[in-house]
Every structure is written in C-alpha cells, then in structure tokens.
Amino acid sequence: MELGVPATRFRSLMFPSVHFPGAVNSKFTTALDFERPSEKPAMPTYRYMDQDGAIVDKNREPIDVSDEEAIKMYKDMLTVSIMDLIMFDAQRQGRLSFYMVSAGEEGIAVGSAAALNPADVIFAQYRETGVFQQRGFSLDEFMSQLFANCKDYGKGRNMPVHYGSRKHNIHTISSPLATQIPHAAGAAYALKLQAAQNPNEEPRVVACYFGEGAASEGDFHAALNIAATRNCPVVFICRNNGYAISTPTLEQYRGDGIASRGVGYGIETIRVDGNDIFAVHEVTKEARRRALEGGGKPILIEAMSYRVSHHSTSDDSFAYRAKVEVEDWKRRDNPITRLRKYLEGKGVWNEEKEKATRSAIRKDVLAAFNRAEKEKRPALRNMMEGVYAQLTEEQEAQMRQLRDIIERYPDEYDVSEFEGGLDGLGVKRS
Amino acid sequence: MPSTPRPILRALLGRTTPTRTNNNRIRSYSTAPSNARLNHSRTPNSSSLRSTSKTSRINLFQSVNAALSHALSTDERVLLFGEDVAFGGVFRCSMNLSSQFGSDRVFNTPLSEQGIVGFAIGAASEGMRPVAEIQFADYVYPAFDQLVNEAAKMRFRSGVWTEGKEGLTSMACGGLVVRMPCGGVGHGALYHSQSPESLFTHVPGLRVVMPRSPLQAKGLLLAAIECPDPVIFMEPKILYRAAVEHVPNDAYTIPLSMAEVLKPGSDVTVVSYGTPLYNCSAAISAAEKDLDISCELIDLRTVYPWDRKTVLDSIRKTGRAVVVHESMVNAGVGAEVAATIQEGAFLRLEAPVQRVAGWSTHVGLVYEKFNLPDVARVYDAIKKTVEY
C-alpha cells in the first residue's frame, strides 16, 4: 500500500474488469493459472433419507409429501417394477418383440413426475415408464402399445415402450437419443409465450428426461444453450444410471457428471440421489418453481442411480459388467426398498399390505396383458395415414398397388390379424 | 456454422461492387462469353395471378419479408428465428420484423442448426407456427436428424388423434417451416451453392418447396406456414435481388404440391423448378425458333409431394420430356420425375426422358458455369429429344 491507495481501490486498479463482450464479468489477472476441473470438489448429491429410509437431517422440516401421496408413489414404483418383470419374461417367451425395464430408476421417474402439474408437458427418453404410470397412463394403455394392437395410440407403428399420449401431455418416445431435448426447449418457449398471451392460464413448464449417454449428443448441448439464451421454463432431468448400454460413465465423459455442464451453460443445477424418491420429488418441485421465476429459465437436475437391469431385452449386461456388481447394488440400495423402509418406519406399511398390493398389481397387469394380446392389429391403412395430414395422391396409388398385389397373391400375405382385413386398407380394388 | 469468408459473404449479399479487372470487364466466375448465343437467360412469364389488391414491384427477399410480416401480424402463433435473424438476416429477409413484432417472436438463436430445428419442432408440437431460418442450405446437415427422424415422423408415430377445438389434433409439428437459401450464385463454391432438396424429397412427411419468383415466394411461403405438415422452404438466393415482380400487397396463398404450366406447348415438355426455369425459358425460345417446335414449360413449385398428374398429362400430350434442376443428377429429383414418366406414360414416349442437372461432383469455385445446367445444355437436350 505504498502508493497510498486503499486496498480495494488498489485491487481494482491492478485487476480491472475486462471489456471483451464475451466475458464481461471477467477480471484481468497476472497469475498464469489454468482451471483444473479435476482438482475441484465434485458437486454434492442432495438427499433427504438414507438407504434405510431414515431422515438424514433430523433438524430439517419434513418434506411436503403426505403419507397418502407417499403410498401412491410407492404403488406406482411397484406397478412399474412388477409390469417390468412380467413383460421381460413375456419377451423372453416370444410374446412381444422388445421391452425395456426401469429397475433401479423407478424413483427418478415417479418422484419427479409427482412434483409436476398434470398440465406440464413432458418429453421422455425410453426408461421413464414411471412417469407414464404416475400420470395415470393405464395398464390397458401400456399393454395396447406393447402389443401394437388396434387400441394403441401409435397405431402399431412404434417398437414396444415408445409410449406417448396427448391426453397425458407426454410426447411420443422416439428412439434416436437426445432429439427430444431441443424439442423441450422449444415447447417450453411455446408455453411461455402462450402464458404471456393468455394471462388467465396457469403458467406451465416442460420437463425433459434423458440419460447421461444421450447428454453426449450435440442435441443436448444445443438444447441447453438455446434454453438458457431464450429463458425457457424447462426442467431438464438427467438420469445418470452409470451405463449407456455397455459404456460406463468413465468412457462417456471426463467432467463432473452431467451437472457440471449445466453450470457451463449458465443454468441453475442440482445433483440429487435418484434412489431417494423424496429428494427427487423435492428438487423437482423447487426446480419447477424456479423455472417459472422471472419470466422463465431452464433448470438442470442430475439424478444419480444405477441401472440394475440390462439395457433392454436385446442386451446381456453380464457381458460387460460383473454380476456381483449388480447384486451388490440390488442389495445395498434401491428406490423401492428405501421408500418401503421409510413407510414401515412410519407405521403406514407392513408385510401384509405389501403382499396384498403386489398380488393385486400382478393380477391387474396380467388381466390387461391378456386383454391386449387378444386385440386385433390396427387397420392396414395406418401404415400410410398420418405421414401427411392427408394421404397424398402418390400414397393412394401405392395403397391400390398394395391391395392389388395382396389380392393376386393371397397365399403370400395374411391380413386376417388386421382390423377389417384387406378392406382396412381403405382403398377400392384397382 | 456460417464461417463465410467476409468477401464472399459481402458479394453474396450484393453489398459491394464486384472487382473490376484491367480490361474493365466485371470479373465473375460464371458469366458466359459475350459472343455466346444461348447462354443468356431470360425471365419466364410468371403466372398472371389475378388479384384485386394493389401490387408493389418487389424482389424475392422483399416478398419473403412481406409474407413473414403478414404471417406475424395475423397469427400470434407465428415465430421467426435463426442465426442473425434479429438484425434482418444476412439476406435481409427478416428486415425490420424484430422491431415490428418484438424480440420475443423474432429473435437470434445460438449458432446450432440442430438446435434451431429441434427448438422449432418443439415449439410447433405445442401449437406454435415457427419459421426457422437456416442461414445457408449448405449448413442444414446438422439438423438432418431432427428433420428426418423427428419433424417428418412426429404425427405418424404419435398416431392420429381426434381433431379438437384447440387444433392440437395430434403430436405433429404442422406450422413448422424451415427456410433456407440455396443454389449457385456464381461464386459460392462448395459451401455456399448447394441445393439439397433431393435429400429431403426422399423423406415422406416433409414437404419441399422452391419458389421461382417474388410473386410465387409470397404465396407459397404463406401456404407453407398454414400447412399442417412440416415444410422445407428453399429460396434460390441468386433470385433474392434479381428481377422484381408485381406482387399483391394483400396476403394470398398458392397451393402446395401443385405444379404450374408456365407455357403451353405440344412437342416437348420441360419440367423444372427454381432458378433453372429462367434458363429453360431462354432455351425454349431458342429451340422453338431454330427447330420449329413448340415446348411446354412446367414449374413443379413443390418438389415433394409433387404434382404427378400435371406432369403426366403434359407428357401424354407432348410425348417428350426434359427434366432440369440445379443439384446433382445422381438420385436427384429428375430421376424420380423420369421414372414416374416412364411408368405412367411409357407408350406415349417418343424419346428417352432427358435429365439436365448438375454433374455428379461438388461446386468448385471456378467451374460453376460448366456444372450448373445452362441454356446451351437445356437447348441441346430439347434438340436431342426432338431429333431422337
């Protein structure tokens, strides 16, 4: 301080802010230091209850979830889990072509969906069966999609587990990874403008689910960046389950998970214990509140979990990970057993209720299974309809060609499974 | 993505005077020699779109601007965004629209084509009518997945839902229009000349439109914004500042997937769309004079799903066809048109269908005039077809 200026003034003289437009809050420095992310502490993981279902911080206020709501969440997770077991086996028996289970991740889907309003719009990846279940997508609706029957909203066009329902405000699942993330940003922008145009309507948010592998796609980065620059009210929910099919996170990224990327895009971010359904619920509720704050902004949640299941029915994960690792995880921690312990600890759940509930769910799933399996396929015209709002002249000509070939080679085609048989094509004989 | 070298960008924008060489001739990479007889194109007759409204003499970028302005002012669901859109866009198509309609509805996006198109699809799927701009068609490829796997398939995969009052009939993305300037300008080289329409015409679910003139652009763009299907709207950028046309001040639409017979004829049908129509028109004038024939000229306007009937009706009359487009001939629109003609009018054909298109190469800077279909090549194709 030999110059006789106060310390603060001295520092600002020494280190004035830069005026470069790309980083207006940066200050000049004379220290040649590179940022070394590997030396920084990892972002903490928020939790409310521990593996045994006990509240970690006894001094905090209890979370805003009634016992009734907690039991509903529990039953939703249980339903997904039981349906998964039945459908996985059914696929193994050849009764449907494909299936994907949620084992280990039921808590993320159910807990977050329960924190949203039913009018909030959802974009999902493919392992969010719990979101559909929480929103009231019925067992019949699940089964119709899985068996691609005439009651399937997707008209028998999609692979199993690619659910979607405008009625439930959940967009249809598409297989390409991460493509739904920029949609979520754009949809959130639409909701934001619509709320501004109709002030009487309650503001809505978009919630968008994806895995940590999908977050490597360009779509993820484009989406977070545009959502931040356009202040879109969207809650991005990353399910970090440790594996993208066989690729472990160590080979997927080198940063601090997916959460660190939110920070890079200037997005408020939190990491949460995905096996703790209450923590997931609480951070989603708070994320939703923040997303609507001050005209809207995106929020990123990284929910940590472990994919107990194989990636899909087409995958055998013991080819790339030890069975013991999976068994350890199953034994050590699981969103369903954790909530069960909590409920039992509170005296609102017991073995008797558990048995009765499991058996009732199993019965309901099998009944819906049997109903769906008996239904016909959708009418053949659904192969062409819906590509454009109206069939094109070219498509109509092709449908006549198809009818003609089926009629002339009747032994080569079986149309009896389809609603209306050949007449379901909706074109006359050529 | 628009890593356009500044001089090129400026020249494309037409802001600077082209460099003059010592002999005071304008240096251009793609001008025909002064003694060329054929390679001077002329403007084809535009349809006499009857309108009681007053008209203005405007060029193509101004007519795009007028269409966007009309859409934004009459439908609050319409949004306009893309790279550098807020200040008016590098081709000035969105000039003054941000100040007029507000930065919530007309705005810049970060530099990511897949982000722009993905964002637009999401907005459309929740009931908006977004018009997304890709700065150059050459840069649309990062958005290819979004267009092919998402925009094109969205209604189909979600299923058809009962029509509601709110208009959300399904989880489709109707109202989505992706605009992109395309085509050669004489000095765009590899990455400012492309015309990738045939990559999109292979994708059911998309509509691909290319206007030939200011009058067409306004009507087709307004139809695209109203359309319940996603539309790829390709604007030949060499025409942005080319000839002006009388364009009605009021709004009007021109139906999509409907071709237009620009000039009736009886001996040969020339099918094209976008910029080459001008060369076709010039070639037809020369051929009719030299060969004593009568040529029919058809503008497809919508390249997919395209108006097969108008084309087949014409071929059944003339018995000869030449298909002309700027993009590469291999697996191009001409292949589809030619195959449809031989399927639908085989017995009436007097000669093989000729294709005149870009060669199967890239647009090298100094080779453009040899690459894109010029008057001489179209003239020659007509001649060969007639003399077959």
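Predicted model: local features only at pLDDT ≥ 70, side-chain atom pairs only at ≥ 80, totals over all residues.
1. Overall content of chain B. The secondary structure of chain B amounts to 13 helices and 14 strands. Of the 388 residues in this chain, 55% are buried.

2. Domains of chain B. The domain assignment divides chain B into domain 1, residues 47-248, and domain 2, residues 258-386. Their C-alpha centres are 26 Å apart. The contact between them draws on 25 residues from domain 1 and 23 residues from domain 2. On the domain 1 side, the elements that give two or more residues are helix 7 (197-201), strand 6 (207-209) and helix 8 of chain B. That side of domain 1 is made up of 11 nonpolar, 11 polar and 3 charged residues.

3. Helix 8 of chain B. This helix, residues 214-226, contains 13 residues, and the distance from its first C-alpha to its last is 19 Å, close to the 18 Å expected at 1.5 Å a residue. Helix 8 of chain B is mostly covered, with 12 of its 13 residues buried. Among the buried residues are P214(B), Q216(B), K218(B), L221(B) and I225(B). As noted under point 2, helix 8 also gives two or more residues to the side of domain 1 that touches domain 2.

4. A sheet in chain B. Five strands of chain B, in the order 9-11-10-13-14, form an open sheet with mixed pairing. Strand 9 (260-263) and strand 14 (354-358) of chain B stand at the edges; each has a single partner strand, so one side of each is left without a neighbour in the sheet. From one strand to the next, the twist averages 25°.

5. Pairing and packing in this sheet. Strand 13 (residues 321-328) and strand 14 of chain B run parallel and are joined by 5 bridges. For V324(B), the bridge partner in strand 14 is V356(B). Helix 9 of chain B, residues 276-291, packs on the sheet and touches strand 9, strand 10 (268-272), strand 11 (295-299) and strand 13. The direction of helix 9 makes about 175° with that of strand 11 of chain B.

6. Contact between the chains. Across the interface, 39 residues of chain A are in contact with 40 residues of chain B. Three helices of chain A, namely helix 6 (180-197), helix 7 (218-229) and helix 13 (393-408), each supply at least two residues of the chain A side. Helix 6 of chain A gives the most, with 11 residues. By residue class, the side of chain A that touches chain B comprises 17 nonpolar, 15 polar and 7 charged residues.

7. V415(A). This residue is found in the segment after helix 13 of chain A. V415(A) has 18 other C-beta atoms within 10 Å and is therefore partly exposed. Apart from neighbours within four places in sequence, V415(A) is in contact with L380(A), I406(A), G421(A) and L422(A). Between V415(A) and T357(A) there is a separation of 58 residues in sequence and of 41 Å in space, taken from C-alpha to C-alpha.

Technical notes: Residues numbered from 1 in each chain as written. Chains lettered and ligands numbered in written order. Pairing = 2+ DSSP bridges. Helix = DSSP H or I, 4+ residues; strand = E, 2+ residues; numbered from the N terminus. Axes fitted to C-alpha atoms, helices over the stretch in contact; angles between N-to-C directions. Contact = placed C-beta atoms within 7 Å. Expected span 1.5 Å × (residues − 1). Buried ≥ 20, exposed ≤ 12 C-beta atoms within 10 Å, placed from the backbone. Nonpolar A, V, L, I, M, F, W, Y, C, P; charged D, E, K, R; others polar. Domains from an automatic or database assignment.
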